[in-house]
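Here is a structure to read for the first time. The questions below ask what lies behind the words used for it.

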Amino acid sequence: KRGHALVDLDGTGILTAPFAGTVTHLPVKIGETVFAQAVILTLTDLSDRYIVVTLDQRGVLSVRQGQHAKISFDSMREKSFDGVVESVYSSSNNFYVRIGVSKLPAAILPGMTGDIAIAISERHNILLIPVAAIDGDQVYMKQGERIRHKVIKIKTGIVDGDVAELISGDVNEGDRLIIPQKRTL
């Protein structure tokens, strides 16, 4: 609790808790010698938890306060949590995004790892096609049960890893696209 003794500095003074929290890091043992500026404990307010994400310079340029995020943790893959970008900042040439998450269960503790997806933009009523099926500016569509195919010119929009937004091209939901084999030299 706030004001409770945390550390007795061998008769030279007592450090008290500046706020109510939980000691989450205690790198020294009783009787060890510590030097000035050394971290002797970390006190964390577990009621005010948030996520900090490190991004590269290019990635951080698209992130803004108020964007929504989905968070999943390695220890709880079956669940995901909603968050909101609270701030974007830099420190020592590193770029950080602070994401507030209102309903994190008590089982999620500081230092746990997870995956974060920040919604940079949203599109509605679009058709996504596999990036692996795209060959330059075209795709190949399977026709019937035979190995015949039809070449279709396409134009793509946003590409997100494994899928691309189809802007134009005669491809419809349910069409079967052929993923070309990669040629090696």
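Strands are DSSP runs (E, at least two residues), numbered from the N terminus, and two of them pair if DSSP finds at least two bridges between them. The model is predicted, so local features need pLDDT of at least 70, side-chain atom pairs count only at pLDDT 80 or more, and totals for chains, interfaces and linings use all residues. Residues are numbered from 1 along each chain as its sequence is written, and side-chain values use heavy atoms, with hydrogens and water left out.

Q: What is the order of the five strands in the open sheet?
A: The order is β5-β8-β7-β6-β9, with antiparallel pairing. At the edges stand β5 (50-55) and β9 (114-118); each has a single partner strand, so one side of each is left without a neighbour in the sheet. Neighbouring strands are turned by 35 degrees against each other on average, direction ignored; the axes behind this angle are lines fitted to C-alpha atoms.

Q: Why is R98 said to lie over the face of Y50?
A: A charge sits over a ring if NZ of Lys or CZ of Arg is within 6 Å of the ring centre and within 35 degrees of the ring normal. R98 is placed over the face of Y50, at 3.5 Å from the ring centre.

Q: What makes a group of residues a nonpolar core?
A: Its members are buried Ala, Val, Leu, Ile, Met, Phe, Trp, Tyr and Cys residues joined through side-chain atoms within 4.5 Å, where buried means under 20% relative accessible area (1.4 Å probe, protein chains only). The largest such core has 16 residues, and I51, I71, F73, V97, I99, V101 and I118 touch the most other members. At least two residues of this core come from each of β5, β6, β7 and β8 (94-100). A second, separate core has seven residues, including I129, V139, I152 and I154.

Q: Why are S92 and N93 called exposed?
A: Exposed means over 50% relative accessible area, and partly exposed lies between that and buried. The value for S92 is 67%, so S92 is exposed; the value for N93 is 73%, so N93 is exposed too. S92 is in the loop between β7 and β8, and N93 lies in that loop as well.

Q: What is the phi of S92 and of N93?
A: Phi is near 50 degrees in S92 and near 65 degrees in N93. Most residues other than glycine have a negative phi.

Methods
Helix = DSSP H or I, 4+ residues; strand = E, 2+ residues; numbered from the N terminus. Axes fitted to C-alpha atoms, helices over the stretch in contact; angles between N-to-C directions.
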